[in-house]
Amino acid sequence: MIHAHITTWVLALVLFFIALGLHKSGKARGLKVVQMILRLFYLLIIGTGIWILSSLNSISMLYILKSLLGVAVIGFMEMIIVRSVKGKKTTTFWLLFVVTLILVLYLGFVRLPLTFMT
Ligand code: HEM
């Protein structure tokens, strides 16, 4: 399930940048489609995350923190796209997105025990 989890968030990040690219080039219809697929991927990330949590024998605070920050990353991606479309400022959300993403990657890859290597 770790592989599926990693695959879903990597693809979501790719779709996120594609969506922003489509918005920049004014392709509103393409953006709508990619946005919908991206939202499906949000659900898949959360689903695979919960799946991993449910397979654990004990859940430490670090797992909870990792999961909450994961949800926050998703929230910030959505905010950046929606605010870009509305022509609003996104600087704060970009900052929050980058900081939470770095924290999540650090917790997931470095601090928490499960790994895709096994
Ligand atoms: C964009 C959002 C997310 C990113 C970038 C992300 C990233 C990661 C990374 C890098 C790992 C470690 C993989 C490894 O060690 O091989 C991981 C594991 C995990 N993730 Fe996520 N994740 C996200 C969202 C979520 C969400 C929403 C949940 C919970 C609902 C969640 C729950 C977990 C759990 C339980 C693990 C196992 C922790 C471990 O390594 O022991 N993640 N995630």
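1. In this predicted model, the ligand is surrounded by 26 residues. The closest of them are His5, Trp9, Lys66, Leu114 and Phe116.

2. The ligand takes up the space of the largest pocket. Helix 1, helix 2 (28–54), helix 3 and helix 4 (91–111) are the elements that each give two or more residues to the shell around the ligand.

3. The ligand carries an iron atom, and its protein donors are His5, through NE2, and Lys66, through NZ. These donors lie 1.9 to 2.0 Å from the iron atom. His5 sits in helix 1 (residues 2–24) and Lys66 in helix 3 (residues 61–85). The two residues are 61 apart, and the pair links distant parts of the chain.

4. The iron atom has six donor atoms, with angles of 81 to 176 degrees among them, and the site is octahedral. For comparison, ideal angles for six octahedral donors are 90 or 180 degrees.

5. A polar side-chain atom of Tyr63 is 3.1 Å from an oxygen atom of the ligand. For Lys66, a polar side-chain atom lies 2.6 Å from a nitrogen atom of the ligand.

Methods. Residues are numbered from 1 along each chain as its sequence is written. This is a predicted model: local features need pLDDT of at least 70, side-chain atom pairs count only at pLDDT 80 or more; totals for chains, interfaces and linings use all residues. Side-chain values use heavy atoms; hydrogens and water are left out. Donors are N, O and S atoms within 2.8 Å of the metal (3.2 Å for Na, K and Ca); water is not among the atoms, so sites may look incomplete. Four donors count as tetrahedral if all angles lie between 85 and 135 degrees; four count as square planar and six as octahedral if opposite donors are over 155 degrees apart and all others between 65 and 115; anything else is irregular. Helices (H or I, at least four residues) and strands (E, at least two) are DSSP runs, numbered from the N terminus. A residue is near a molecule or strand if one of its heavy atoms lies within 4 Å of it. A polar contact is a pair of N or O atoms within 3.5 Å; within protein, one must be able to donate a hydrogen and the other to accept it, and residues adjacent in sequence count only if both atoms are side-chain atoms. On a 1 Å grid over the protein atoms alone, a cavity is a set of points where a 1.4 Å probe fits but cannot get out, and a pocket is an open set with protein on both sides within 12 Å along at least five of seven lines; lining residues have an atom within 4 Å of a point. A molecule sits in a cavity or pocket if more than half of its atoms lie within 2 Å of its grid points.
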